[in-house]
Amino acid sequence: MSLVERITTSADAKVWYDNIPIESLYTVGIAGEKFFRAIKDRGVIMGSVCPSCNLTYLPPMMYCERCLAELEEWVEVGTKGTVHTYTVVGVSLEGEPLEQPEILALIKVEGAHGGLVHRLGEVKPEDVEIGMPVEAVFKPKKGREGSILDIEHFKPV
Ligand SMILES: [Zn+2]
């Protein structure tokens, strides 16, 4: 096959199977940095505010998605909310059955327009209800790493 011949089937191309070591660094952005630092350092959940639209974004945004204003005002939105929706997971990512099923929920956080997807804990799957009031349970400060998993789970209140 010459260089000017067109390959029409990918199987006709010469291939070389191997691995390429690649490292990447994912940054959470300016708003994410402030959000995760507040969780790690102070155990609080923060949202960004658009006073023009009367919206408090959670997760926080740098810009209002309605009026495009830069959002410079931040507020603590509290650690309580309600279960907006949930699902019970019984199988791992590898397809193996879990010893303990996990409950994943979208938590509508009080004082914010939006919410967080997180685990529910200290509750049985059959006892979870839409609209159930819940509260964030944070890891001890010493073990926090600046991630959403610094919140261990949300528990019923
Ligand atoms: Zn706005």
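Gly43 comes directly after helix H1 and has a positive phi, near 65°. The model is predicted: local features need pLDDT of at least 70, side-chain atom pairs count only at pLDDT 80 or more, and totals for chains, interfaces and linings use all residues. Residues are numbered from 1 along each chain as its sequence is written. Helices (H or I, at least four residues) and strands (E, at least two) are DSSP runs, numbered from the N terminus.

H1 covers residues 29-42, which is 14 residues. The expected span of a helix is 1.5 Å times one less than its number of residues.

Strand E1 (residues 46-50) is largely enclosed by the rest of the structure, because five of its five residues are buried. A residue is buried if 20 or more other C-beta atoms, placed from the backbone, lie within 10 Å of its own. Met46, Ser48 and Cys50 point one way from E1, while Gly47 and Val49 point the other way.

E1 has pairing partners; two strands pair if DSSP finds at least two bridges between them. With strand E3 (residues 73-76), E1 pairs in the antiparallel sense over four bridges, and Gly47 stands opposite Val75. With strand E2 (residues 55-58), the pairing is also antiparallel, over three bridges, and Val49 has Thr56 as its bridge partner. E1 and E2 form a hairpin with four residues between them. In that turn, Asn54 has a positive phi of about 55°.

How values were computed:
A residue is buried if 20 or more other C-beta atoms lie within 10 Å of its own, exposed if 12 or fewer, and partly exposed in between; C-beta atoms are placed from the backbone.
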